[in-house]
Amino acid sequence: MFRYIVRRLLQMVLTFFGATFVVFALMFANQDDPLQALAGERPITESQRQALTERYHLDEPFIAQYWHYMKGMLTGDFGQSLTGRQIGDMLEAAWPVTFRLALLAAVIAAVIAIVAGVASAIRRGGTFDNVTLVFTLILLSMPIVVIAPLAQLLFGIQLGWFPPTSGADPSMWALLLPALVLASSVFATQLRVTRTSVAENLRADYVRTAKAKGLAFRRVISVHVLRNSLIPVITLIGVDLGNLMAGAIVTEGVFNIPGVGFNLARGIRTEDGPLVVGFVSALVIIFLIVNLLVDLLYAALDPRIRYE
């Protein structure tokens, strides 16, 4: 186990540097005039431009800019955005909101997907199974940029069931509709994986043996089938948690939630390279940690898995 964790940590370090390098390179190549984009229509004096250029090392080569950024990040300093705000302070304010939103969406998606997936697998070919497959197909074909404004218009404005916007300090009720929208982006895949995994395990020899021993069908499903079937589902949920945090850009923008996605979208619009790279770097770290925890859960779910 120890050797496995060390190997994974080394892989995480390489992945982190590779991901941040690619993102930094994309922002560096995309920068036309970030200072003027930040100022909008207002003119920038030559002294202001020179001072900001020196502060953010915009006059240095790309490798030198990347080195300055990584040197600060490794010491816990994410630097300043082009607006002069500390990126660390912005992360501290944005992360709790996005984490609550992503966690709520992940719980909603996992609970509904596992329950509906198990029911579909048990009743394969039935009405519930066919309706579920059609519904998931529709969800897979609709991007979140369509689902989010439609849900806001229908459930938030016309029906008035939920607040149409969440605001700066949203409650759990205000986050429920955005969480449902965000969960729709991963719910369909999780349900189909659960259905396939449960259906495959229902045909296994150990299930026939358990039934032959006289065990109740509910116990066979809950104790034997579900535990083995959850391994690919847990993997998908772990990956989806990172995807939900990164994919909250559209949802937070539509529902006016000042989280990570909201700040990322603003940073991209204003060509604020330090802000975008800082937030993406934090997302990469969260994504890698979640995937490591998911891998370590394998042994708890399936004793046959060994890491040595």
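Which helix does glycine 88 lie in? I looked up glycine 88 and found this residue in helix α5. I take helices as DSSP runs (H or I, at least four residues; strands are E, at least two), numbered from the N terminus.

**Source notes.** I am working with a predicted model, in which local features need pLDDT of at least 70, side-chain atom pairs count only at pLDDT 80 or more, and totals for chains, interfaces and linings use all residues. Residues are numbered from 1 along each chain as its sequence is written, and side-chain values use heavy atoms, with hydrogens and water left out.

I noted glycine 88 as partly exposed because its relative accessibility is 29%; buried means under 20% relative accessible area, exposed over 50%, and partly exposed in between (1.4 Å probe, protein chains only). Aspartate 77 is 11 residues from glycine 88 in sequence, and their C-alpha atoms are 7.1 Å apart. Isoleucine 112 also has its place in α5, which covers residues 87-122. With a relative accessible area of 42%, isoleucine 112 is partly exposed.

**Annotated spans.** I checked the UniProt record, an unreviewed entry, which places "transmembrane region" features at several spans, including 99-122 and 173-193. UniProt positions are given in the numbering used here, feature names are shortened, and annotations may be inferred rather than shown by experiment. In the model, residues 99-122 are 100% helix and 0% strand, with end C-alpha atoms 34 Å apart. For residues 173-193 I found 100% helix and 0% strand as well, with 29 Å between the end C-alpha atoms.

**Cores.** I found 33 residues in the largest nonpolar core, where Leu101, Val181, Leu182 and Leu244 have the most contacts. Such a core is a set of buried Ala, Val, Leu, Ile, Met, Phe, Trp, Tyr and Cys residues joined through side-chain atoms within 4.5 Å. At least two residues of this core come from each of α5, α7, α8, α10 (217-246) and α13 (273-301). Another core, of 28 residues, lies apart from it and has Phe16, Leu91, Leu264 and Leu283 among its members. I also listed Leu264 among the buried residues of helix α12 (residues 260-269). Just after α12, glutamate 271 takes a positive phi of about 55°.

**Proline 163.** I located proline 163 in the loop between α7 (144-158) and α8 (172-202). Its relative accessible area is 23%, so proline 163 is partly exposed. Leaving aside neighbours within four places in sequence, proline 163 is in contact (heavy atoms within 4.5 Å) with Trp173, Ala174 and Leu177.
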